[in-house]
Protein chains: 2
Amino acid sequence: MDEADGSESELDRYRRIMLLTDGFSTPFLAKTAISLLRYRQDDIAAVLDATEAGSTAQALFGTGGTVPVVGSLDEAEADALFIGIAPPGGKLPDHWRQIVVSALGRGMDVVSGLHDFLCNDSEFTSAAEKHGCQLIDVRRNTERHTAQHVDFRQGCLRVLTVGHDCSVGKMVTSLETQRVLAERGEDARFVATGQTGIMIAGDGVPIDCVVADFVNGAAESLVQRHEKHDILLIEGQGSISHPSFSAVTLGLLHGCAPDGLIMCYEAGREMVKGLDEIQIPPLQQLVTAYETMAALRNPCRVIGVSVNGRNLSADQTAAECERVSSELGLPACDVYRNGADALADAVLALRGERR
Amino acid sequence: MDEADGSESELDRYRRIMLLTDGFSTPFLAKTAISLLRYRQDDIAAVLDATEAGSTAQALFGTGGTVPVVGSLDEAEADALFIGIAPPGGKLPDHWRQIVVSALGRGMDVVSGLHDFLCNDSEFTSAAEKHGCQLIDVRRNTERHTAQHVDFRQGCLRVLTVGHDCSVGKMVTSLETQRVLAERGEDARFVATGQTGIMIAGDGVPIDCVVADFVNGAAESLVQRHEKHDILLIEGQGSISHPSFSAVTLGLLHGCAPDGLIMCYEAGREMVKGLDEIQIPPLQQLVTAYETMAALRNPCRVIGVSVNGRNLSADQTAAECERVSSELGLPACDVYRNGADALADAVLALRGERR
């Protein structure tokens, strides 16, 4: 058995993935599975949820097309089982232990983004060793060097998504902007910093699990590994104003030294997710805070706004994009509804200025 | 053997400490030993450095009075061996292994602030187990809960030291300000966030070694443990502009939600320590950055300046204090040379405003 670090594994080698969401196929809990269906549909063999067996991913999650939902490991050929949920607390549901052990018994690798590492569980490590397969905890890392204020390659433009809170669409914004730029023939790369992003991209750094002294350094070396590309769309984390997670956000901001930022927010969200009595600061104040902090490391400004309109109608979203665009003087769009063309334009305009 | 966490151990129970600096008794490397001599002199039995045996702490380090420098463990009665150096890289010098094993063989506890944990070394853990004594790695921690934006007790005033760089005197400024306030009869407590501070105070959180997602939470619960006191002087870490350590700094700032900040800097230092080509931003810019970031969590402002004049004469230091005081419109002093009365005054003035 080889216990691989998420940061070094090549998760994109799997071409027949079974996504485990058994009993937890709600949009909030199953966001890892949903994102994998959205961005790696061709690599997904099936979704395993006995309570929804017979359905399709599209019917269950609104994405994933005809990928079948099955009731057991027997019902699809797969080379890896990916834990498809991100539950608060990060623990494996009790009744999943047997599913994980059975998957290992079939020689499948098991990939997890939970805070509780599979490889710290002796039942799992024994089974993996016995059957010659891997347990991959994507949050596990051995990052342990401090940032050196590296001069990144001239010609590698770095764009980081930032947000007014957690879970507002930073990863999706980075992915969608990368997709548009790639479609336009640009050498643009998505750079993952969270467990779901890492499962999609195949590599990355689980930045929220790095020891504090080495957060900036982990982000810096992640960028170094990808600086051969012309444009990096770096997945942001947390928020610089978040009472719980601002350390992660600033370490990432300083470590990757972006040239541009895309400000992501969810229209209508006024309170911090999970801290319901705490008000989120106004967008303009956050733009100033991000630019002030980023400038301590590298010349940088916010170049566009990603509006998450999931609680709005299409018309309301269009009006909100217009409103915020005028308030901040920046292009704005909802990447789910409208695609990321406006943001791709802003990235290319920034590159034009910097040349 | 009990492997204690630094955060939970009671390091102030030791009354006969031997400080190990063998072969490394320079001011830069031995700063842990020097700080313990300065702030816990009555608890120090001896300094162990065979290359300087026969001297006194005062002669060797300029502090510590008649504490003897000895050449072997036999030459003083001690209940604990404290690793007295903070070497770059954080590794135990090779020839110290035998000294640590011998100390454990005598039933002494061994206390270390190194990044390489003693309790991960099987030779040390076996010896500790055999002789019934403790290995205490003060940087080891199991902090794992996220900050909750706690409302701290009204009447607990929180003052954090911040800096323009690492190693400019934040810990000493907090300690000296606490000392003056205590002498004036205030219920003021020093709150430690680094390995040397923890060895001095007896407890604390090694904030730079906490996993990123939990840095803010670790700082928050550290303050909660001490909020029964009227005034907390919280030891700052790093700098908000530091390319390598800003994640630590912001997590601490948001987690402890200070009411006031004391800005610490070393006169004449223009480049980041260890990153010699990187310029430190001007003080006024840093004051703005700290206040902008702190205000995202709690109303807060910089209340005074701690000038480290170690590279200046007394006259030059006085002139520098006057200059910076006028530039920033804040009281300023060198706590080594002048004591911390000006800063204690500023703390009490802040409390007056907040009441």
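A nonpolar core is taken here as a set of buried Ala, Val, Leu, Ile, Met, Phe, Trp, Tyr and Cys residues joined through C-beta atoms within 7 Å. In this predicted model, the largest such core holds 232 residues, and A:Ala212 and B:Ala212 are the members that touch the most others. When neighbours within four places in sequence are left aside, the contacts of A:Ala212 comprise A:Ala247 in chain A, together with B:Ile207, B:Asp208, B:Cys209, B:Val210, B:Ala212, B:Val215, B:Ala247, B:Val248 and B:Gly251 in chain B.

The contact between the two chains involves 32 residues of chain A and 31 residues of chain B. On the side of chain A, the elements that contribute two or more residues are α7 (215-226), α8 (246-256), β13 (275-279) and α9 (283-295). Of these, α8(A) gives the most, with six residues. By residue class, the side of chain A that touches chain B consists of 18 nonpolar, eleven polar and three charged residues.

Chain A is divided into two domains, domain 1 spanning 3-137 and domain 2 spanning 157-354. A distance of 27 Å separates their C-alpha centres. Domain 1 of chain A places 14 residues in the contact between them, and domain 2 of chain A places ten. Helix α1(A) supplies the largest share of the domain 1 side, five residues. That side divides into five nonpolar, five polar and four charged residues.

Helix α1 of chain A, residues 31-39, is mostly covered, with seven of its nine residues buried. The buried positions are A:Thr32, A:Ala33, A:Ile34, A:Ser35, A:Leu36, A:Leu37 and A:Tyr39. The elements of chain A that cover these residues include the strands β2 (17-20), β3 (44-48) and β5 (80-83), as well as the helices α2 (57-61), α5 (170-183) and α6 (195-201).

In chain B, six strands form an open sheet with parallel pairing, in the order β9-β10-β8-β11-β14-β15. The edges are β9 (188-191) and β15 (332-333) of chain B, each of which pairs on one side only. Within this sheet, β8 (157-163) and β11 (260-266) of chain B run parallel and are joined by five bridges. B:Val159 has B:Gly260 as its bridge partner in β11(B). Helix α5 of chain B, residues 170-183, packs on the sheet and touches β8, β9, β10 (231-234), β11 and β14 (301-308) of chain B. The direction of α5(B) makes about 165 degrees with that of β9(B). Helix α7 of chain B, residues 215-226, lies across β8, β9 and β10 of chain B, at about 150 degrees to β9(B).

Most residues other than glycine have a negative phi. A:Ala257, although not a glycine, has a positive phi of about 45 degrees. The residue lies in the loop between α8 and β11 (260-266) of chain A. B:Ala257 lies in the loop between α8 (246-256) and β11 of chain B. B:Ala257 counts as buried because 23 C-beta neighbours lie inside 10 Å.

Terms used:
Residues numbered from 1 in each chain as written. Chains lettered and ligands numbered in written order. Predicted model: local features only at pLDDT ≥ 70, side-chain atom pairs only at ≥ 80, totals over all residues. Buried ≥ 20, exposed ≤ 12 C-beta atoms within 10 Å, placed from the backbone. Helix = DSSP H or I, 4+ residues; strand = E, 2+ residues; numbered from the N terminus. Contact = placed C-beta atoms within 7 Å. Nonpolar A, V, L, I, M, F, W, Y, C, P; charged D, E, K, R; others polar. Pairing = 2+ DSSP bridges. Axes fitted to C-alpha atoms, helices over the stretch in contact; angles between N-to-C directions. Domains from an automatic or database assignment.
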